[in-house]
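Hello,

Here is the structure I promised to pass on to you. Have a look at it first, and then read my notes below.

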Amino acid sequence: MMWTPDLEHYKGPRYTAIADAMADAIKSGELNDGDRLPTHRALADQLGVTVGTITRAYTEAERRGFVNARVGRGTFIATQHTQGQRFRIPGEAEPNAVDLRLNLPVAKDRADVLSKAMAELAAEPEQMNRLLGYQPDIGLPEHREQAVNWLKQTGLHTSADQIAITNGGQHGIMLTLLALTRPGDIILSEAMTYPGFMAVTHQLHLRPQPVAMDEEGVIPSAFEDACKQFSPRILYCTPTLQNPTNAIMSEIRREALADVARRYNVWIIEDSVNSNLISEAPTPLAEIAPDKVIHINSASKTLAAGLRVGWLVSPPEVRQQIANALRASCWMTSPLLAEIASRWISSGLAQTLLEQQKEELTQRNLLLDQYLGPYGLQSNPYSLHAWLELPELWRSSEFIAAADKENVKVIGEDSFIVAQYRAPQAIRLSSSCAWSLNHLEKGLKVLARLLQEEPQPTLSVF
């Protein structure tokens, strides 16, 4: 049955009345997450208004954050709660499933190295007590000095006074947006991007707009066109091992992007959490344009996600604003956890743990290429994930459902699309998420077999 609101008790322009009615229908349970809304033409005919009015109503509803529009597919109810749900750790409710949905670091035993670090600290009561007290919002100087050393291996040369210690990369994204934007601001990102970024934009009531991509990521000319059209505050991007496509931006492309940012006075958030995984990654954007780039790195994908330690490098012009946002959000990152990360870096243990992670990822990505390489897989030996555009007959929703029936969990392009970007039918595969090589291979065999088949036809009832 088509949803048709009764607008009799709603005041104001028709388009806002429709959006208000939609909000009330969600609260009452009349409309639920995932429900498809009527086409613009159908609802216009039902209500006796113009198609333009319905278009404005759906746009207003999308701005408020409770619908998603997909070009060629329709408009669907998707509340902010749902947006948050798609960005979460599902837990271990399905122990027999091969779960390839999340970009988690490969699970490794960290108990011994953590115990050793804690034992060393326990033998230094003066330092332990210092770490258990309040510290500067951006972190202790010695912790920031070790961050300088850690970031050097990605090609970024910075100083301790440019660094703030954060509760991981996700916190770094939120701090930057808190500091540099206001509700309603338009911000840009890759047309397909990290869902955690989208979750923050919904919470902060920002309006993300997609910038077209190719095999290297953001296209500079498309970035410039978006600057002219929207006058944005920020561009968010992941130049190295982009999530979800695995794109790596060339140095020439990075220079061009920095040039556009300078000419249009746009800040760039460079998400660099994957850069440590690449031995010879291209020069970071923050090295090319330190005056326009906020650089975010984290221990989560390389050392241990539970440490919740990240590093944010910012230009002098915005450093105090970011420090203010950090202090307002959590006062400071735990000095105790930052101390552990710093000791691991200074002792060389962090590098050892990183190499172990890279070695495991190499083995897993070899398996991915073995089973799915013939289907045009976009992979990298050191990446946590791979990107697979599906054969023409498959829609991602059908492929995901077929894999799920065989206890293999994957996610499709819908989880990464910004606004109404028309994305290819594709899936992301996080090889790092599987429990073991054998477990991963079991799931890949299922996916390879499905790719050789045609989707089962669905029957419609008229």
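Predicted model: local features only at pLDDT ≥ 70, side-chain atom pairs only at ≥ 80, totals over all residues.

**A buried aspartate**

Asp-185 is buried but forms no salt bridge.

Where does Asp-185 lie? You will find Asp-185 in the loop that runs between helix H8 (169-180) and strand S5 (186-190). A polar atom of the Asp-185 side chain lies 2.8 Å from the backbone nitrogen of Arg-182. If you set aside the neighbours within four places in sequence, Asp-185 is in contact with Leu-180, Leu-206, Arg-207 and Arg-233.

**A covered strand**

The other place to look at is strand S10, residues 267-271. This strand is mostly covered, with five of its five residues buried. In a regular strand, side chains alternate between the two faces of the sheet. Here Trp-267, Ile-269 and Asp-271 point one way from S10, while Ile-268 and Glu-270 point the other way.

Which strands pair with S10? One is S9 (residues 234-237), which pairs with S10 in the parallel sense over four bridges; there, Leu-235 stands opposite Ile-268. Another is S11 (residues 293-298), also parallel to S10 and joined to it by four bridges, with His-295 of S11 opposite Glu-270. Finally, S9, helix H11 (residues 251-264) and S10 together make a right-handed β-α-β unit.

Best wishes

Key:
Residues numbered from 1 in each chain as written. Heavy atoms only, no water. Helix = DSSP H or I, 4+ residues; strand = E, 2+ residues; numbered from the N terminus. Buried < 20%, exposed > 50% of the residue type's maximum accessible area, 1.4 Å probe, protein only. Lys, Arg positive; Asp, Glu negative; His and termini not counted. Salt bridge = Lys/Arg side-chain N within 4 Å of Asp/Glu carboxyl O. Polar contact = N/O pair within 3.5 Å; in protein donor to acceptor, adjacent residues only side chain to side chain. Contact = heavy atoms within 4.5 Å. Pairing = 2+ DSSP bridges. Right-handed = clockwise from strand over helix to strand, strands pointing away.
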